[in-house]
Amino acid sequence: MASKINEAHEHIAKAEKNLKTSMTKWKPDFDSAASEYAKAAVCFKNAKQFEQAKDAYLKEAEYHTENKALFHAAKAIEQAGMMMKDLKKMPEAIQYIEKASMIYVENGTPDTAAMALDRAGKLIEPVSLEKAVDLYQQAAGVFENEDRLRQSAELLGKASRLLVRLRRLDEAATALQKEKNMYKDIENYPTCFKKTTAQVLVHLHRNDFVAADKCVRESYSLPGYSGSEDCVAMETLLQGYDEQDEDQVHRVCHSALLKYMDNDYAKLAISLKVPGGGAKKKTAKPPQGGAGAPAASAEDDDDYEGGLC
């Protein structure tokens, strides 16, 4: 470890030498200085001196910037962020990665920017779901601007699931609609079917039956949706919900089709309750014993509250 630290300092000394000017050397050699700082950063990293490695990467980025090598500057800043991750300083790590992504976009490499933001989202998820949502949405926006709709939709999907987990259901509904529209644009209709199911669950948890029903009705225009397993399940679910038939809702929500969705949506399914906690409606039996049969008791009347089916 000590030898690696010494080696790192040797590279830094060389970098400083490359930056000096003289009567015969009018300009600093930024390229060579950046290269030496990159080597120093690796040595510090191998010695697990992450703070010093971060500083070396930032110096590398500074001299790449002086040399107009912005892509390499962004890479170094991203690496500085990873050193912060190793130090368990996640907010600082994300700041560096976001800064790097902005430089990638400015440098004309948006795909690299979006992938960096995606990685940052994965890093911060265990610490802050809210920030992860923001990063995934940023990444989705970058891909959308490049007409990379499949990649954008996948990242929106990550954001949508986290919004559900956060119970930010209004935002989840909006994100799901945008995600579904993208899959429709690239003609990935089976995924649209699944997004419709997710929309219905989100809207019902928002107590918005009208919006849930509208999602299904709009999906009839998707090739293959009408009569599909997904369609029949949602029609059955909406009917049971509307009629306050808890047993019917329970059957659909605990079916394999919904139980094996992404975990956040599966949880919405199994926790869905009909308004007022209704029960399965019962069919009335004709009275036995003709006209002389005793009248139904008040307890019997309760069995049929809400009407007969």
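The model is predicted. Across the whole structure, a search finds 24 salt bridges.

**Salt bridges between separate elements**

- Asp170 and Arg206 pair through their side chains in a salt bridge, with an N to O distance of 2.6 Å. This pair links distant parts of the chain, 36 residues apart: Asp170 belongs to helix α9 (residues 169-185), while Arg206 sits in the loop between α10 (189-205) and α11 (209-219).
- Asp170 has 49% relative accessibility and counts as partly exposed, because the class of exposed residues begins over 50%. Arg206 is also partly exposed, at a relative accessible area of 28%.
- A salt bridge joins Lys194 to Asp230, and their closest N and O atoms are 2.9 Å apart.

- Glu218 forms a salt bridge with Lys214, and the closest N and O atoms are 3.9 Å apart. The pair still counts as a salt bridge because the cut-off is within 4 Å.
- Glu218 and Lys214 are four residues apart in helix α11, so about one helical turn separates them.
- Glu218 is partly exposed, its relative accessible area being 39%.

**Contact of helices α7 and α8**

- The axes of helix α7 (residues 129-145) and helix α8 (residues 149-165) come within 8 Å and cross at roughly 160 degrees. The two helices are therefore roughly antiparallel to each other, since angles over 145 degrees are classed that way.
- The crossing in which α7 passes α8 is left-handed.
- On the α7 side, the residues that meet α8 include Leu129, Val133, Tyr136, Ala140 and Phe143. On the α8 side, Leu149, Leu155, Leu156, Ala159 and Leu162 are among them.
- Sorted by class, the contact of α7 with α8 has 13 nonpolar, three polar and three charged residues. Gln137 in α7 and Lys158 in α8 are among the residues in this contact.

Terms used
Residues are numbered from 1 along each chain as its sequence is written. This is a predicted model: local features need pLDDT of at least 70, side-chain atom pairs count only at pLDDT 80 or more; totals for chains, interfaces and linings use all residues. Side-chain values use heavy atoms; hydrogens and water are left out. Buried means under 20% relative accessible area, exposed over 50%, partly exposed in between (1.4 Å probe, protein chains only). Axes are lines fitted to C-alpha atoms, for helices over the stretch in contact, and angles run from 0 to 180 degrees between N-to-C directions. Angles under 35 degrees count as roughly parallel, over 145 as roughly antiparallel, 65 to 115 as roughly perpendicular and the rest as oblique. A crossing is left-handed if the near helix is turned anticlockwise from the far one by less than a right angle, and right-handed if clockwise. Contact means heavy atoms within 4.5 Å. Ala, Val, Leu, Ile, Met, Phe, Trp, Tyr, Cys and Pro count as nonpolar, Asp, Glu, Lys and Arg as charged, and the others, Gly among them, as polar.
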